[in-house]
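Biologist: I'd like to go through the labels on this one with you. Could you show me the model, and then I'll ask where each label comes from?

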Amino acid sequence: MLKNIFCLHPDELKKSMESLPGYRSKQLLHWLYDKHVFDPQLMSNLPAETRDELSDKLSFFLPQIDLKKTAKDGTTKYRLKLEDESIIEMVLIPDDKKNTLCVSSQVGCTRACNFCATGELGLKRNLQTHEIVAQIMLGSSFCQPNRLTNLVFMGMGEPMDNLDNVLKALSIIQADDTLSFSPRRTTISTCGITDGIIHLADSKIKTKLAVSLNSAIDEKRSKIMPVNEIYPLKELKQALKYYLTKSNFRVTFEYILIPGFNMGDDDISALRSFAGDLSCKLNFIPYNTVPSLPYRSPSEAEIETFLKKAHSLNQAVTLRRSRGAEIFGACGQLAGQR
Ligand code: SF4
């Protein structure tokens with residue numbers, strides 16, 4: 001099987017195509033990453049023999065759009081078919097001057113958070129580096145003539161369970177000759193895999209980190225996130241403290257608001273003791289209904305009451321209205337089925 005062009009860092013491309021002089025590889029990268037032309041035969045300033053050699057030696061395969069759904073606010077969910085027919089989803093969220101792409105890192109997920117449709121699928125496989133970069137390139141081309149400004153690993157899968165490929169993909173898109181994508185505008189979201197957090201802290205790749213917290217009480221968190229049994233809150237906090245010694249970015253805690261479960265006074269107190277001494281911000285997200293799951297979305301009054309209490313915490317607090325719920329493209333709803 002041919003190696004896919006999107007798994008190669010520019011330095012590796014130069015090595016794997018020794019017959020390609022430096023300026024030619026720059027031209028190739030310009031076609032791919034600036035002009036979004038993905039067929040070597042259309043790269044008109046490359047000689048015919050170079051185009052043929054590229055087609056012979058490398059694969060330029062991109063996932064196929066299997067289904068596309070756009071919500072009234074412009075949020076678009078793309079269901080993508082990979083080379084082995086596996087299905088993943090990515091979501092493009094336009095917002096004023098920002099275009100945020102939510103990408104997948106795995107086909108399914110093994111972590112089984114019970115508020116999440118992806119978790120119901122189980123894990124089929126990890127995405128390869130080129131399948132992650134390809135999502136970003138497709139998202140980037142769909143934004144044209146505007147730019148893709150933000151990237152979040154909050155689609156299908158747990159990025160820390162496929163961290164090597166995620167970091168390799170970031171090293172490619174952060175390179176000067178590709179998208180030069182800013183670490184400041186990139187977020188990896190984890191359910192709290194502490195080994196991964198430490199590995200990320202020690203890696204050379206810079207990115208923001210979000211942690212899906214949802215409760216700062218071990219018993220409650222374990223109820224909805226089985227991963228908490230393996231990596232309990234104390235261990236998670238230690239890993240985050242270590243990450244913060246190595247990163248210039250604050251950690252974001254994602255907290256899905258589920259009425260009758262994690263919106264009480266005891267939850268606020270637990271948040272205060274868990275996050276009070278961390279450099280972080282708290283992002284509250286009203287739960288989005290998943291038909292097969294037993295939770296409901298909070299009412300506006302419930303959200304308001306909770307936020308009033310949350311504002312007594314020391315940290316920056318935001319309410320994020322998750323976009324794309326009507327197309328099942330919002331947080332926790334990606335399952336490749338609708
Ligand atoms: S929330 Fe993330 S980690 Fe949890 S099951 Fe869903 S995709 Fe996996």
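Modeller: Here are the ground rules, then your questions. This is a predicted model, so local features need pLDDT of at least 70 and side-chain atom pairs count only at pLDDT 80 or more, while totals for chains, interfaces and linings use all residues. Residues are numbered from 1 along each chain as its sequence is written, and side-chain values use heavy atoms, with hydrogens and water left out.

Biologist: Why is I136 called buried?

Modeller: Buried means under 20% relative accessible area, exposed over 50%, and partly exposed in between (1.4 Å probe, protein chains only). I136 has a relative accessible area of 0%, so I136 is buried. I136 is found in helix α4 (residues 129-143); helices here are DSSP runs (H or I, at least four residues), strands likewise (E, at least two), numbered from the N terminus. I136 and L101 are 35 residues apart in sequence, yet 7.4 Å apart in space, C-alpha to C-alpha.

Biologist: What makes D84 and R125 a salt bridge?

Modeller: The rule asks for a side-chain nitrogen of Lys or Arg within 4 Å of a carboxyl oxygen of Asp or Glu. D84 and R125 have N to O at 2.8 Å, and their side chains meet in a salt bridge. The pair links distant parts of the chain, 41 residues apart: D84 sits in the loop between β4 (76-81) and β5 (87-95), R125 in strand β8 (residues 123-126). By this rule the count comes to 16 salt bridges.

Biologist: And those two residues, buried or partly exposed?

Modeller: One of each. D84 is at 39% relative accessibility, so D84 counts as partly exposed; R125 has 18%, so R125 is buried.

Biologist: How do you know that the buried residues of α10 are on the same side?

Modeller: The buried residues of helix α10 (residues 265-275) are D267, I268, A270, L271, F274 and A275. They cover an arc of only 165° around the axis, which puts them on the same side of α10. The arc is that of the directions from the helix axis to the C-beta atoms. The face turned away from that buried side carries the exposed residues D265 and S273.

Biologist: What about α3, which residues are buried there?

Modeller: In helix α3 (residues 48-57), T50, R51 and L54 are buried. Their arc around the axis is only 100°, so they are on the same side of α3. On the other side of α3, E49 and D56 are exposed.
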